[in-house]
Every structure is written in C-alpha cells, then in structure tokens.
Amino acid sequence: MKPEILITFIVYMATIMLIGFIANRFNKNLSDYVLGGRRLGGAVAALGAGASDMSGWLLLGLPGAAYTMGVNQIWMPIGLSIGAFINWHYVAKRLRIYTKIARDSLTIPAFLDQRFNDHKRVLRIITAIVILVFFTGYAAAGFVSGAVLFQSMSGLSYEHALWIGAAFIMSYTCVGGFLAVSWVDFFQGTLMFIALILMPVSVIVNMGGWDQTANMIVNLSGTSAHLNVFSGMSFIGIVSLLAWGLGYFGQPHILVRFMAVKNTREIPKAKFICMTWMIIALYGAIFTGLAGYAYFGNEALAAPESVLLELANKLFNPWITGFFLAAVLSAVMSTVAAQLLVSSSALVEDFYHGFVRKKAGQIELVWVGRAMVVLIALAALLLAYQTKSSVLDLVSYAWAGMGASFGPTILFSLFWKRTTLTAVVWSIVVGALTVLGWKYCQSIDLAPIFQLYEIVPAFILASLTIVLLSAKKHKVPQEIQSDFNKMLEKEARV
Amino acid sequence: MIEASFSTASLVVLLGPMPIIVFISLIDYIKTQRNKDSSL
C-alpha cells in the first residue's frame, strides 16, 4: 500500500474512533445505547438509514453490474427508491409514534410484543431469533467482503485483514452504541456520496464529455444495448428487480432509524435528504459503471466489481485514491455496524432484560449490550473464516426472507387494528417458508415462473395469511384498541 | 462513429420515477415547513 493511501486511511480510522468515543459520553441508559435516546436529527437519521441500507453493493456491486451489463441495471435502483420512499412516507411516522406509545419499545421484537399484547412472548422470541440468525450471517458476509477488499488493497493476508476490519468495527460500535453508529454513518454516507459524484463526473470529463463516452460505449459493444434499459430484460426480470423495494418494510436495521428520530416533524426533512442522497448515489453508481466500461475499453477488468477503485487508481493521485478506498469500506462497515447493534439489542433487550434479568439496572444493560456486540462480532468472525459456509449462502436471500416475513407484519400492525397475534405469527412462518420453497423450485428449474424473485410470492402469501386469519369476527382487546387509537390521534395532531 | 444516445423509452425509465420521488419528497418537506411556520 502506498504511504499516501495508508495515511489517508489512518486519518479516516482515527476520525471514526474519535466519533465513537465522543458518542460514548451520551450513553446513560439502554435507550441511549440501542436507540440514541430517540434524539436523532433528520439529516443523521436520513444518511444513517441510507448508508446502513446500501452496503458494499452501492460502490462495488452496482457499478460492476452496470460495467458488465449497462444501463438495464437501473431497474433495481428504481424498485429500491420506490420502496424506501414508501417506507419513509407511510411507515416512519407511525412507527415512531407507536413504538413510543407501546411502552417505549426499544426494539422491533419488543414493539410487536406490546402491540399484540403477547403474554406468552412467542412473537418476541421468534422475531428476535430470526434477527439474530440472519444478522449474524449478514455481518459475517460484510466482514468477508470488507476483508477481501482490504486484502487486495493492502497486501495483508485474508486473516489479518479480517481481524483488523472486525476489531475496528467492533470497537466503535461497542464503545459508542447507536449514536456512534449513526454519526459514523452520517460521515460515511457523506464520503460515499462525494465519491459517487466525483468519480463518474471525472471519468466523463476525462473522456471528453458524455457524447464521446456514449459513442465509445456503443463502439465497444457494437450495438446500443449497453444504453438500453430494456436490453436483455424479460417482464419477470423487470418485476423481480423492482420487487426488491418490498424488502424495506421488514429490515430492522433501517426501521430503528425511524424509531430514533427526535420527533415526527423531522421525518419529512429526513425523507427528503435520504431520498436525494440515495437517488443521486444510485445514479452515480450506474454512471460509474458505464463510464468505466468506456474508459477501460478493450482492456476488460478481471473483477468488474472493483471498477470504482480501478478508476481511482488510474485517474487520481494516491491521496484521493485513499479517499475512494475509505468510501468503499464505509459502505461495507456502515451496514455491518448497524446489524451488529440491532442483533445486540435483540439479545440484551429481548432476551436478557425480557427473561433473564427483568430488574437489571440501566448501566448493567448498557454493559451487557457492549458484551453482546463483541459476542456477535466474534460469532460473525467465526462464520467469516469459513467463507464457504452454507450460512453465508443463506444470507444471500435474507433480504427477501426478512422483507417477506417481517414486512407484512410491520405494515399490518401499523395500519390495521384488527390484525391478530396468531395471524402475524403464521404470516412470518408462511413468508419465510415461501422464500425457502420458491428458492428451491428456482434451483431445480421447475418452471419459468420460478425465475420471479421470491419476495413477490412470499410477500403476497404472508399478507394474505394476515388478512384471512384476522378477518374472522373477533373482539380486539381493549388495551390494543386504546394504544392504536392513541397512535392515530397523535398522528393526526402532528 | 455511431451516434450514441438513449432511446426515448430508456430516457423515460431512467429520468422518470427517481427524480419524481425526490420532487415529491421536496414538496412534502416544504409543506411541513410552511405548516410549522404558520403554527408558530
């Protein structure tokens, strides 16, 4: 690694650690540690939701896909933008209000427990276990991609890169909790945003303007397929890519940002900032891939996913290249940190505080939360050591699994008073099983319809399960009615 | 040299939905700000 890149990188790491330590001064109780004391400003909540949502896909996967296949990769960004917008527009405000009314619930499992008055705590246990399993796997996948990237840039061994990356993420998450993760996400989201504007603009200017870049793309491929959004796309393919947006309603690491906003008046501002950030960044990623395709020409990249970093190496001095490397690692780290924290909060609030030590003091809970971050990070590290592990394969469709099983549960619990506990428990089971079954049918090529992304049938079936099981005549318990009505009244007032 | 450009259909897909989302979010934000100002 060149010394300039190394210095930039050390400054970046030092800044993040400093943010972690400053955030730690605000951690007085568990609410501070897992939800930032519900005092996030609009901009921090917005970039936190955006950065933790996108992961390495935004700076590695999407530019790589646009480099290889062209502008037809826009369909997934469109689906994600619509999903994120609906989530901010309809879910954010209600969830913020309702979680506060539902005994100030700090986690999604705790909210569902209160929302459905679940005395047996079945729902809380199921949701907490699903979050733990998937997010530990997800964090492991993040560790792997971060380590592979760090290894290729630094020349360190995979194991060393893995340990350094994991220790770094673990330390600021563990020390500073939710506030540290949110502030760091804001910082990292800003880096990602600058990188995704700077890179395509620089390459296109370097090529002599957009006309020259586009001409080069057409000349290279021999057709204008790279610039056609319908090229190589079937109807099922387009629907599948758009359907990624359905996953948003069931992602706890994104939903907690809504719960942590300091008041509901911040939500329209946060929505505007997040959507602007997200959409410009997505365009930037697509145009980085396209411009990279034109720039490298016949000298095809062996690893298209590294197109942004390869361009940085070619076009910029090592100081700026270090900045781009930091931006890519930011994308990976912000997601992993958010997932570690959500998993830790499930363990400390939903198991430890919920079952083991109901009367535990706040300081004790914060320390147990820290210990859980370390424990989950170590479990994810163990998984990351076995990169061929089936657990990592499993998380490749965790977005669909969580989106289809939790998504309808969250939406119906917020918007339909008559939704019952039994219905949501079955809906989670039906959503998860449909994803698994559909994926299996896809793998054995059973019929062309199984090419459809599994979230579509799973989301529909899970929603139908709730509607059918809740529709029969029953009396909504008084406590649930009262909380629901309070939420509606408060929503109407703000 | 082939004259390269996006087709109309591609342009509609590329520049349609995503900027509209930003625009709606902006309008919503401005409306909230106005309501806040008028309630003060």
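User: What does A:R121 form a salt bridge with?

Analyst: A:R121 forms a salt bridge with A:D113, and their closest N and O atoms are 3.4 Å apart; a salt bridge here is a side-chain nitrogen of Lys or Arg within 4 Å of a carboxyl oxygen of Asp or Glu. This is a predicted model, in which local features need pLDDT of at least 70 and side-chain atom pairs count only at pLDDT 80 or more, while totals for chains, interfaces and linings use all residues. Residues are numbered from 1 along each chain as its sequence is written, chains are lettered from A in the order in which they are written, and side-chain values use heavy atoms, with hydrogens and water left out.

User: Is A:D113 buried or exposed?

Analyst: A:D113 counts as buried, at 5% relative accessibility, whereas A:R121 is partly exposed at 22%. Buried means under 20% relative accessible area, exposed over 50% and partly exposed in between, with a 1.4 Å probe and protein chains only.

User: And what about A:D483, which residue does that one pair with?

Analyst: A:D483 forms a salt bridge with A:K486, the closest N and O atoms being 4.0 Å apart. Both residues lie in helix 20 (residues 478–493) of chain A, 3 residues apart, which is about one turn of the helix; helices are DSSP runs of H or I with at least four residues, numbered from the N terminus. A:D483 is buried, with a relative accessible area of 6%, and A:K486 is partly exposed at 43%. Elsewhere, salt bridges that share partners join A:D113, A:R121, A:R124, A:E349 and A:D350 into one network.

User: Which residues make the one between the chains?

Analyst: A:K271 forms a salt bridge with B:D28, with the closest N and O atoms 2.3 Å apart. Helix 12 of chain A gives the most to the side of chain A that touches chain B, with 10 residues.

User: How much area do chain A and chain B bury between them?

Analyst: They bury about 2,500 Å² between them, 76% of it on carbon and sulfur atoms; buried area is the accessible area (1.4 Å probe) that two parts lose on being put together, summed over both. In chain A, the residues that lose the most area to chain B are A:N215, A:F272 and A:Y283, together 22% of what that side buries. The contact, meaning heavy atoms within 4.5 Å, takes 30 residues from chain A and 22 residues from chain B.

User: Switching to helix 3 of chain A, how many of its residues are buried?

Analyst: Of its 13 residues, 12 are buried, so helix 3 of chain A is largely enclosed by the rest of the structure. What covers those buried residues includes helix 5 (75–101), helix 8 (158–206) and helix 14 (318–356) of chain A. Helix 3 is followed by A:S55, whose phi is positive, near 50°.

User: Last topic: how many residues are in the largest nonpolar core?

Analyst: The largest nonpolar core has 188 residues, and among those with the most contacts inside it are A:L58, A:W88 and A:F143. The largest share of this core, 21 residues, comes from helix 8 of chain A. Such a core is a set of buried Ala, Val, Leu, Ile, Met, Phe, Trp, Tyr and Cys residues joined through side-chain atoms within 4.5 Å. Not counting residues up to four places away in sequence, A:L58 touches residues including A:P63, A:M192 and A:W277.

Technical notes:
Helices (H or I, at least four residues) and strands (E, at least two) are DSSP runs, numbered from the N terminus.
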